[in-house]
Amino acid sequence: MLTRRRFHLPAVVTATLLSAVLVGCSATAASSLSAESSAAGDQAISGAITVFAAASLKNAFTELGESFQGAYSGTTVTFSFAGSSDLVTQVIGGAPADVFASADTKNMTKLTDAGLVNGALVNFATNTLTIVTPPENPAGIASFADLAKTEVALVVCAPEVPCGSATEKVETAAGVTLTPVSEESSVTDVLNKVTSGEADAGLVYLTDAAAAGGRVTTIAFPESSEAVNTYPIAVLKDTENAAAAAAFTAYVAGPAGQEVLRAAGFAPSP
Amino acid sequence: MTFISARRRSGAGSGLPRWVFIPAVLGGAFVVLPLLAMLLRVNWGQFGSLITSDASLAALELSLKTSAVSTVLCVLLGTPMALVLARSRFPGLRLIRSLVLLPLVLPPVVGGIALLYTFGRQGLLGQTFQFVGIRIAFSTTAVVLAQTFVALPFLVLSLEGTLRTAGRQYELIAGGLGANPTTVLRRVTIPLVLPGLFSGAVLAFARALGEFGATLTFAGSLQGVTRTLPLEIYLQRESDADAAVALSLVLVAVAVVVIILARGRGTEGAL
């Protein structure tokens, strides 16, 4: 029993110290941010911004952040990638963010309804579902209807998350009832079940399939056009650096941004 | 029982420096305050309907059933493990103890990945299982495996401690009087450490009930099959924060009952 007590105490002390350090860090970050933005004035584009972006944007936005910093010297872009609904919860809870890019309009609407968005939304990309299987396609999937076969171990997103509601829409449109062996709470979990060979097939976004490369076989299906996710981006009301935040959203919607997004598997927003 | 007597000596205002109470109260507040904050967020008007929805009840039932099975497995496997660790001496024992207790400090998601590469379709034993027609991934069996994996060290550690403090005195006397090793184990050792075994089992049950990471990684998530209460809470949080808070409260309530149950048996030392 002594061993247990010994390892609990340092853990608590570490956690307490860690939280103190974290509070310290965010306080410094916030003060330096406001100092920079007030010194820069309204017109000049410089200083630091924090971008909250949907997890599916990670690869594209990381690359875009680098090139944005190159195009506007003196700017620093910091990203926080997570599920859109997680990020919305954080912003409503007062997390310091300048820009929010959502994987669906529903989550962005939560922020506009809360009065936390500054200015107009820009729809900058769309994403559609695709079938992925392990590279050798062991179950011989060729169409959306094949997914409904009982011997196919299919993994999809749960209806509560954006990729799951898209799955439901496609199901209805195709008139096919799926019987998945698992309904995951994130699209990454679906992809992992397929790449690890546990599942015969999964429904993920085209961008996830693109990121997985040779670890999956991608099978496009026409019914996917029934559920197209639109990605909006907006500057947030509590931004300390509105000029740089607006410049970043314009950059994402502009030619340079669109090129990177296209390479990552996104389609342009109509 | 040295630990309990040490606690009694220093308990209840018997010579502790007063300043010790300041960090102690702070620490207590650190633990209690978040639970209180959650309690304040509960939507009491809809609490009943939120926790009795089909999805919630299915998750609660699955959680209780799988945790019970996992606890039985922990007792069946963990008791002999604790006996060997506490009573036998052979080279490499310390190393074995460290390895066996590893899931205690391992992030559960790592446990999930390890289980996947063992029992998964492409895993070390997965192909053997598949050959006999057993599929573990995405089944309730996978949930039980994940829970047992993370809960087992709790039982082993708790019981091993009890065995060590109980000592070998009575066992040696019983042996000296002519009882064979199995009789000694059955009639002397096990009855002697029964409170420790009970509190170890309660700890294992509580750990199994809270299992999340390994289950999510290894078992998947399907209502009534693999979606336990923690997974349901995680999913509900995406769309319905009220339901997530209500279910969290249910889990807290079950945990409180479990702790009271364990402490009621006078096994404070182990918890």
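Two residues are taken to be in contact when their C-beta atoms, placed from the backbone, lie within 7 Å. On that basis, 21 residues of chain A are in contact with 23 residues of chain B. The side of chain A that touches chain B draws at least two residues from each of α1 (2-40), β6 (182-184) and α6 (187-195), where helices (H or I, at least four residues) and strands (E, at least two) are DSSP runs numbered from the N terminus. Helix α1(A) provides the largest share of this side, four residues. By class, the side of chain A that touches chain B has eight nonpolar, six polar and seven charged residues; here Ala, Val, Leu, Ile, Met, Phe, Trp, Tyr, Cys and Pro count as nonpolar, Asp, Glu, Lys and Arg as charged, and the others, Gly among them, as polar.

The structure is a predicted model, in which local features need pLDDT of at least 70 and side-chain atom pairs count only at pLDDT 80 or more, while totals for chains, interfaces and linings use all residues. Residues are numbered from 1 along each chain as its sequence is written, and chains are lettered from A and ligands numbered from 1 in the order in which they are written.

Next come the two chains themselves. Chain A has nine helices and nine strands, whereas chain B has 14 helices and zero strands. Of the 270 residues of chain A, 43% count as buried, and of the 271 residues of chain B, 37% do. A residue is buried if 20 or more other C-beta atoms lie within 10 Å of its own, exposed if 12 or fewer, and partly exposed in between, with C-beta atoms placed from the backbone. Among contacts in chain A between residues at least 6 apart in sequence, 76% join residues at least 24 apart. In chain B, residues 24 or more positions apart make up 78% of the contacts with a separation of 6 or more. Along the principal axes, the C-alpha atoms of chain B fill a box of roughly 65 × 65 × 30 Å.

A nonpolar core is a set of buried Ala, Val, Leu, Ile, Met, Phe, Trp, Tyr and Cys residues joined through C-beta atoms within 7 Å. The largest has 87 residues, and those touching the most other members are Leu154(A), Val190(A), Ala201(A), Ala142(B), Ala146(B), Leu155(B) and Ala204(B). Helix α9(B) gives the most to this core, with 15 residues. A second, separate core of 37 residues includes Met108(A), Phe124(A), Ala234(A) and Ala245(A). Leaving out residues up to four places away in sequence, Val190(A) touches Val155(A), Val156(A), Cys157(A), Glu184(A), Gly202(A), Leu203(A) and Val204(A).

The axes of α7 (residues 108-119) and α9 (residues 140-166) of chain B come within 10 Å and cross at roughly 125 degrees; axes are lines fitted to C-alpha atoms, for helices over the stretch in contact, and angles run from 0 to 180 degrees between N-to-C directions. That angle makes α7(B) oblique to α9(B), given that angles under 35 degrees count as roughly parallel, over 145 as roughly antiparallel, 65 to 115 as roughly perpendicular and the rest as oblique. In this pair, Pro108(B), Gly111(B), Gly112(B), Leu115(B) and Phe119(B) of α7(B) meet Leu145(B), Ala146(B), Phe149(B) and Val150(B) of α9(B). The residues of this contact divide into seven nonpolar, two polar and no charged.

In the second case, the axes of α10 (residues 169-176) and α11 (residues 181-210) of chain B come within 10 Å and cross at roughly 165 degrees. The two helices, α10(B) and α11(B), are therefore roughly antiparallel. Tyr170(B), Glu171(B), Ala174(B) and Gly175(B) of α10(B) make the contact with Val184(B), Val188(B), Thr189(B) and Leu192(B) of α11(B). Five nonpolar, two polar and one charged residue make up the contact of α10(B) with α11(B).

Finally, one residue from chain B can be looked at individually. Gly78(B) lies in helix α4 (residues 54-87) of chain B, and Gly78(B) is buried because 27 other C-beta atoms are within 10 Å. Gly78(B) and Leu159(B) are 81 residues apart in sequence and 8.4 Å apart in space, C-alpha to C-alpha. Not counting residues up to four places away in sequence, Gly78(B) touches Leu152(B), Leu155(B), Val156(B) and Leu159(B).
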